Amino acid sequence: MENDRLLDIRDLHVVFDVFGGTLKVLDGVDFTVRSGEKVGLVGETGCGKTTTMKAVLRVLPMPPARVTGGEILFKGRDILQMTSRELGQVRGEGMAMIFQDPTAALNPVFTIGKQLEAAVKYSASGDKRLSGKEIRQRAVEALKEVALPDPERLLKNYPFQLSGGMRQRVCIAMAVAGDRELIIADEPGTSLDVSIQDQILRLLRRLAEEINTSVILITHTLGVVREIADRVYVMYAGNMVEMAPTKELFSRPLHPYTVGLMAAVPKLTGGGIADGIPGRIPDYLNPPVGCRFHPRCERAMPVCRTDKPRFVKVSEDHEVACFLYSQEEEGT
Amino acid sequence: MSADLLTVSDLKKHFIVGYRGIVAREPITVKAVDGVSFAVREGETFGLVGESGSGKSTVAYTVVGMYKPTAGDIAFQGQSLYGRGGKRRADLRKEIQIVFQDPGSSLNPRRTIKDIVGFPLRLYGSNGDLQTRILELLQMVELPADYMHKYPQMLGGGEKQMVAIARALATSPSFVILDEPTSALDVSIQAKIINLLLRLQKEFHLSYLFITHDLSLMRNVASRVAIMYLGKICEIADAAEFFRNPYHPYTQMLLSSIPVVSDEEEALKPKKIASLGEIPSPINVPSGCSFHPRCPQSKDICSSEDPAMVEVEPGHTVRCHISR
């Protein structure tokens, strides 16, 4: 079981040193991705989902960010301990990231061809040297993969000549071009319209299945996760609060935060919207002691104010970090 | 049935974005809104849905008076908003207010909440104590009184939007335009704002023009829904009917592409219609029915002739050749 873990984040702590104190953002994050698996990471703005993934790619600006504990194992090797040479290899061949805003992710002064060919070149499996012609050929294939018309002409275009949906397809092409093992997609459809988002998600799912890549999908929209992921993590204020297979999470959410979040989503069945979750996300300078959710939780108990809940297994593959469910474990 | 409060008839708003040619300069126009008609009844929430670039915000800005219409008319309680010489009537300004999408940019960062909420009161010479009225408004949107002296950036996104709502209600309007009031917010905060808006509607008998791209949200707030595509309305129906029995292929496509969270909702979606292509540039609107290049059921007539609005059932109108 341990061996099929492609990415394994263990007890990751990240803080940001800012004027006036230290923001304790990630507070012991555990997260795993098995090979070939599609994992969703859901949470609201500012919960640390992007920070976690930036730590994985080691693109967090340091300073102000600082990793104060934990490890990030990619195929058994700790990314945090890697030399820049090893890191370059992992980034090129091991994983790729698709960002939320494709306009900001593409360089406006280079053609699509230049950027896509660079992605192909540095991802080339092993140390096999590819000729310029082969690289171009692969770039064209990648554009065909993402269903873009007339790829030869597109390679000569600049990003501004493309629409938002097309730009995101180019970004996906860059990610899938090099047979990488892990694709991290950070809100890939959020800046696009629903019909285009739907196209992008379907494309991502098809490609992931075709080339058997692992995918981490970061989003704040629960519905999007349900469409794609096999397994979902729910994150709140720098902690993972619940993890379950997608079907189970949507039919039996356990953590009060997950339950509140699900209730707040407007449903197509109508009947109004539940009142949401009171309060707002805590201040990271002085986060609440114990469970970080307790000030907003309707079912908070005295223990929640003092102790930090750990993940407990409630069933096979369904874990929740909440004291409401930890008694069950003590009983066994 | 309640009376119509606001009637928009054949509204057009065209923008000249540049010129073509050197000698005979021919203007390049964007037909952002191109012949839109609808009526908002008293006390109802009229939903206007569309993708980006469909012209839904332009409709809002024209109704509130930020733009002058190119053609067509807007009437409030049966009276045109435009008097002689096409000048906007000042006496109806108080009645029509707006809440914008992004409270971060619609609130002046250098003004306190008191100044922001009090501005429309000073502008319209409110009688009575300004301070008391501001407190009353803050209370209405469930904000604590000590927020008066705070600045917008000290507030969370949801709280900022509450301030924007308080400002819109300051002149006691009867009609409020909500332009994507929650799309910049997280779902847990969205729920709170929506429920606040619905409560205020009941309490003050407000009519809303609710603009959003989120159809699931629309299902929960609107009494009637209109869907816009490239400056035109393609379907209007009662909310329940709209979601149960969508006629227009564009409506069906949008409904089938919403990500949902339960199997019950999945069952309500029309059969999966793969969306094709993207919304074309409003500078080069396709001929005939503007949706035909993306329509899976497009016929010959669709590319040559623009369909008219047809009532398919009482209160349910569609602009499409195939639904006849």
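Which residues in H11(A) are buried? In this predicted model, Pro256(A), Tyr257(A), Thr258(A), Gly260(A), Leu261(A) and Ala264(A) are the buried residues of H11(A). A residue is buried if 20 or more other C-beta atoms lie within 10 Å of its own, exposed if 12 or fewer, and partly exposed in between, with C-beta atoms placed from the backbone. The cover over the buried residues of H11(A) includes H9, S9 and strand S10 (239-245) of chain A, together with helix H6 (187-204) of chain B. Helices (H or I, at least four residues) and strands (E, at least two) are DSSP runs, numbered from the N terminus.

Residues are numbered from 1 along each chain as its sequence is written, and chains are lettered from A and ligands numbered from 1 in the order in which they are written. As the model is predicted, local features need pLDDT of at least 70 and side-chain atom pairs count only at pLDDT 80 or more, whereas totals for chains, interfaces and linings use all residues.

Chain A has 12 helices and 12 strands. Its radius of gyration is 21 Å, close to the 20 Å that the globule rule gives for 332 residues, so chain A is as compact as a globular protein of that length. The radius of gyration is taken over C-alpha atoms, and the globule rule is 2.2 Å times the number of residues to the power 0.38. The C-alpha trace of chain A spans about 65 × 50 × 45 Å along its principal axes, and 45% of the 332 residues are buried. Chain B has 11 helices and 12 strands; its C-alpha trace spans about 65 × 60 × 40 Å along the principal axes, and 46% of its 324 residues count as buried.

The mean pLDDT (the predictor's confidence in each residue, from 0 to 100) of chain A is 84, and 96% of its residues reach 70 or more.

The contact between the chains takes 35 residues from chain A and 32 residues from chain B. On the side of chain A that touches chain B, helix H8 (194-211), helix H9 (222-228) and helix H11 (256-264) of chain A each supply at least two residues. Two residues are in contact if their C-beta atoms, placed from the backbone, lie within 7 Å. By class, this side of chain A has 14 nonpolar, 13 polar and eight charged residues. Ala, Val, Leu, Ile, Met, Phe, Trp, Tyr, Cys and Pro count as nonpolar, Asp, Glu, Lys and Arg as charged, and the others, Gly among them, as polar.

Two loop residues of chain A were also examined. Tyr325(A) lies in the loop between strand S12 (318-320) and H12 of chain A. Tyr325(A) counts as partly exposed because it has 18 C-beta neighbours inside 10 Å. Not counting residues up to four places away in sequence, Tyr325(A) touches Leu254(A), Val312(A), Val314(A) and Val320(A). Tyr325(A) and Val312(A) are 13 residues apart in sequence, and their C-alpha atoms are 7.5 Å apart in space. Gly20(A) lies in the loop between strand S1 (5-18) and strand S2 (21-34) of chain A. With 7 other C-beta atoms within 10 Å, Gly20(A) is exposed. Gly20(A) and Leu285(A) are 265 residues apart in sequence and 8.7 Å apart in space, C-alpha to C-alpha.
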